[in-house]
Amino acid sequence: MIDPASPDPASPDPALLARAAAILRDGGLVAFPTETVYGLGANALDARAVERIFLAKGRPASSPLIVHVDSIEMARSLALEWTELADSLARAFWPGPLTLIVPKQPNVPDIVTAGLPTVGLRQPDNPVAAALIREAGLPIAAPSANRFMGVSPTTAEHVLKELGDRVDIILDGGPTRIGIESTVLSLVDDRPRLLRPGMITREEIEVIAGEIEVGAGSFGNAHPSPGLHRKHYSPSTPLFLIDGERLPSGRGAYIWITQPLSAEHSQQMPPDATGYAAVLYDTLHQLDERGFDWIAIEKPPDWPEWAGVLDRLTRASTVL
Ligand code: TXA
Ligand code: MG
């Protein structure tokens, strides 16, 4: 077990960053904050280092990883094709929670992309992540720093709890700002395709890209997006999405926005999508530790800005 190292989130400690960067260059694993969730990072150009990510997470080799960059320039060095549209989207939303899937350069190892000819790229909007990539001088392959299929970590403590003995260092940047994983947009087909909704919405993307497709479409052998598995992002306590139904019987926790119901534990969530997303995973991590029979969640509204939250809640829930 290692203790989270704590740089000042605003201006990360240079000595600590130098240590983390050296670990990356030596093929080790560094857990680091992004604005969405914490990532479990390795040198994206080192296939053996990336293999350690899959082992640590218990993640099947068929799930491609996102590569984190510190600039559009670094993104271009990994992309076989970088279109006008990719450039416009990156300029509009980077640094930020948008992952762009583009054809990959041969220098990106196949293990990173699960054998796909494409790679997911994103420039995170977090000072520790940015400084780490710059200091290492490397693109960083990183999935969310949780065991496969679990709830993503939004604090260094969440990472420590699940993967503490499997990473070489955890950089603590405090709670993440956005709270759910990035929007994933494929630029490989004729039309852009939204593979995973997030806090950058379809509507915001369409302002730049025109009309886009939504959903998996057809892909090769690797699973197109593990985030598209029906069951994903789940706590171990059964989770129910409540849309007017009664609560299950037994000891449970109920989290709600507008509709209080009586349960052993009842908790009101922020009424706006941004505030809700920011605290959702920490709420699930905490409730999951309390041994309830179930966690019930009032279904949020079906509005554009809630699409990312609704997607994660639906995937985490058991069908009643
Ligand atoms: O916010 C995030 O995206 C966080 C932080 C750490 O950046 N990362 C994250 O990684 O959520 P992960 O591995 O949990 O999810 C990566 C998503 C998956 O849905 C995966 O299928 C998709 O990105 N993805 C990555 N490369 C892809 C590719 N070449 N083609 C299609 N989907 C891809
Ligand atoms: Mg994940």
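In which sense do β9 and strand β10 pair, and over how many bridges? They pair in the parallel sense, over 2 bridges; two strands count as paired if DSSP finds at least two bridges between them. This is a predicted model, in which local features need pLDDT of at least 70, side-chain atom pairs count only at pLDDT 80 or more, and totals for chains, interfaces and linings use all residues. Side-chain values use heavy atoms, without hydrogens and water, residues are numbered from 1 along each chain as its sequence is written, and chains are lettered from A and ligands numbered from 1 in the order in which they are written.

Helices (H or I, at least four residues) and strands (E, at least two) are DSSP runs, numbered from the N terminus.

Arg193 is also the bridge partner of Ser186. Strand β8 (residues 183–186) runs antiparallel to β9, with 3 bridges, and a hairpin of 6 residues connects β8 to β9.

I turn to the largest pocket. It is lined by 15 residues, and Leu194, Pro197, Arg202, Val214 and Ala307 lie nearest its centre. A pocket here is an open set of points on a 1 Å grid over the protein atoms alone where a 1.4 Å probe fits, with protein on both sides within 12 Å along at least five of seven lines; lining residues have an atom within 4 Å of a point. Of the elements, α9 gives the most to this lining, with 3 residues.
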